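Keep the structure open as you read.

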Amino acid sequence: MKQRLLFLGPPGAGKGTQASLLANKYSLNHFSTGDLLREEVAANSELGQQASEIMNKGELVSDELVLSIVESRLIGIEKGWLLDGFPRNIVQATALRALLDKISQPLQAVILIRIQDSILIERLLSRGREDDNENVIKHRLEVYRNQTAPLIEHYSSQGILKVIDGNADIELVSSCIEKELCTSI
Ligand code: ADP
């Protein structure tokens with residue numbers, strides 16, 4: 001099975017849920033940059049202090065900061081891994097590619113979870129995280145469209161993009177993802 005993966009999709013698409021399920025089932029390392037940043041904020045570290053205001057506005061934190069978090073986790077890793085919430089723009093994708101080349105662990109698949117906007121907003125509002133109020137959600141969706149969505153074409157042209165319908169229930173979405181990862185072509 002493919003086991004060097006990344007999950008792509010708008011906020012609220014279910015990336016975190018699906019990534020956790022898959023990581024637990026196949027013992028993969030799961031790195032969510034959003035969760036890692038929230039841990040830094042909770043610990044009130046210097047990095048967390050820098051990130052918190054930006055996150056609450058729904059903007060992206062600096063590429064440098066996120067890259068340092070991801071790099072420190074991927075270097076020296078042995079088992080498979082799954083990235084969720086990273087990369088979020090072309091600069092981060094280019095830096096990731098360079099890092100993966102350096103450690104000789106090329107990306108094997110990109111899972112894009114697609115979902116209707118109306119469902120997204122409903123899910124995010126019911127989640128109630130600090131950055132989940134209506135104005136910030138709208139802004140995060142705009143940031144996704146402008147900065148992250150170009151990665152769809154980027155990975156599609158590399159032939160490793162798998163598109164999943166995220167409108168269905170959790171179990172169905174997860175079985176669709178597993179099927180995609182087990183096919184060799
Ligand atoms: P969601 O995708 O549901 O909006 P995340 O937990 O992935 O939530 O991210 C929350 C916030 O953390 C983002 O709005 C952004 O401020 C910050 N963040 C997470 N990952 C990155 C990243 N790769 N680059 C820049 N900022 C990030």
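A pocket here is an open set of grid points where a 1.4 Å probe fits, with protein on both sides within 12 Å along at least five of seven lines. Please keep in mind that this is a predicted model.

With that in hand, look at the second largest pocket, whose volume is about 160 Å³. Two elements each give two or more residues to its lining, α5 and α8, and the largest share, six residues, comes from α5. Among the lining residues you will find Leu96, Arg97, Leu107, His154 and Tyr155. By class, this lining has seven nonpolar, three polar and two charged residues.

Now turn to the largest pocket, which holds about 880 Å³ of space. It is lined by 47 residues, and Pro11, Lys15, Arg88, Arg127 and Arg129 are the closest to its centre. The elements that contribute two or more lining residues are β1, α1 (15–26), β2 (29–32), α2, α6 (117–127), α7 (134–148) and α9 (170–182). This lining divides into 19 nonpolar, 16 polar and 12 charged residues.

Finally, step inside. The largest nonpolar core has 30 residues, and those with the most contacts inside it include Leu83, Leu96, Leu107 and Tyr155. Elements giving two or more residues to this core include α4 (63–74), β3 (81–84), α5 (90–102) and α8 (150–156), with the largest share, five residues, coming from α4. Leaving aside residues up to four places away in sequence, Leu83 touches Leu5, Leu6, Phe7, Phe31, Val70 and Leu96. A second, separate core of 20 residues includes Ala23, Ile111, Ile177 and Leu181.

Conventions
Residues numbered from 1 in each chain as written. Predicted model: local features only at pLDDT ≥ 70, side-chain atom pairs only at ≥ 80, totals over all residues. Heavy atoms only, no water. Core = buried A, V, L, I, M, F, W, Y, C linked by side-chain atoms within 4.5 Å. Buried < 20%, exposed > 50% of the residue type's maximum accessible area, 1.4 Å probe, protein only. Helix = DSSP H or I, 4+ residues; strand = E, 2+ residues; numbered from the N terminus. Contact = heavy atoms within 4.5 Å. 1 Å grid on protein atoms, 1.4 Å probe; cavity = no way out; pocket = protein on both sides within 12 Å on 5 of 7 lines; lining within 4 Å. Points joined across faces, edges and corners; volume = space filled by probe spheres on them. Nonpolar A, V, L, I, M, F, W, Y, C, P; charged D, E, K, R; others polar.
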